[in-house]
Amino acid sequence: MSIEFDISQIQNILEHGIPHAAEIGLKVHEMNEDGVVFSLPYQERFAGNPVNGVLHGGIITTLIDSAAGMCIYAKIKEYIPLATLDLRIDYLNPATPGEDVFTRATCYKVTKQIAFVRAIAYHSDPEDPIANSVGTFMLRSTDTPPLNYSAKRKGAAE
Amino acid sequence: MSEMTPEDFVKMINSAKETMDWKPVFDIIPYYSFLGLQLAPWGGGLTCVLPENKKFIGNPTLPALHGGVVGAFLESTALVHLLATQEVTRLPKIINITVEYLRSGKPVETYAEAVVTKPGRRVANLRIEAWQQDRKKPIASAHANFLVS
């Protein structure tokens, strides 16, 4: 099955198929075979440092994990169930309070069972990232219906 | 943000250490409030609890917790453990974390504990494990480095 990537359809999956993505307000900007770009608008409720409002590392992890999964779909052009095996994040710079965070994730190798992903998080300049990440994912991890299925159902109900 | 200074925050952490009441610290860290992070009354007082909440779901068909939330919970647990067990003169900064996802996390109450594997003068290394109903079946583990001075 081949899928044309329609950004509004991907945004619909984020908003209706992934409750936590909807909760934090994830946005998709790009999706093609080279990877995906997601963003997270700055929100004070995700600050980890109460003194200066710098975002908690965990919310950067969530942003990267979400984009990492989606870039595998972009690569294989099929919505199959995925499970994260591991994810390593290096925090290179603190996020600047008040600024949105972007992430670019790329699936650089996929085998029959495993996908390998790298990602960076940044504000405006991908050459000056906030975080660098690598992760591996297991493909066809469950026999549940694909991600876009439940989004379609929920989207249709509204 | 709040009008809090770094000194006020360190003071608050040290007072939590004395009283063993971490609620004021958790309440003032916005992301901890978002997670609803708590300490379990058992397990020596440093078992963190992530309450059940639909907003943490990443896969509604399984259903399963979002991997990012699990990672964030492990990182938060590590920091709480550092604050509670090490001498803190400033808020430790995370350098990196590697999360291993062992089982899919159900959207139920989740627990985590950390141990300091190396309490360095500049860098502390921790191991963190999260589980749900069965302590012997962890859903995720992680190791992380924090800059402590």
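**View 1. The contact between chain A and chain B in the predicted model.** Chain B contributes 37 residues to the contact and chain A contributes 36 residues, where two residues are in contact if their C-beta atoms, placed from the backbone, lie within 7 Å. On the side of chain B that touches chain A, α1, α3 (30-35), β3 (57-59), α4 (67-85) and β5 (93-101) each supply at least two residues. The most comes from β5(B), with 8 residues. By class, this side of chain B holds 21 nonpolar, 12 polar and 4 charged residues; Ala, Val, Leu, Ile, Met, Phe, Trp, Tyr, Cys and Pro count as nonpolar, Asp, Glu, Lys and Arg as charged, and the others, Gly among them, as polar. The model is predicted: local features need pLDDT of at least 70, side-chain atom pairs count only at pLDDT 80 or more, and totals for chains, interfaces and linings use all residues. Residues are numbered from 1 along each chain as its sequence is written, and chains are lettered from A and ligands numbered from 1 in the order in which they are written.

**View 2. Strand pairing between the chains.** Strand β3 (residues 82-91) of chain A and β5(B) run antiparallel and are joined by 5 bridges; pairing requires that DSSP finds at least two bridges between two strands. Within β5(B), B:Thr98 is the bridge partner of A:Arg88.

**View 3. Helix α1 of chain B and the residue after it.** Helix α1 (residues 6-19) of chain B has 14 residues; helices (H or I, at least four residues) and strands (E, at least two) are DSSP runs, numbered from the N terminus. Just after α1(B), B:Met20 adopts a positive phi of about 65°.

Note on methods: Expected span 1.5 Å × (residues − 1).
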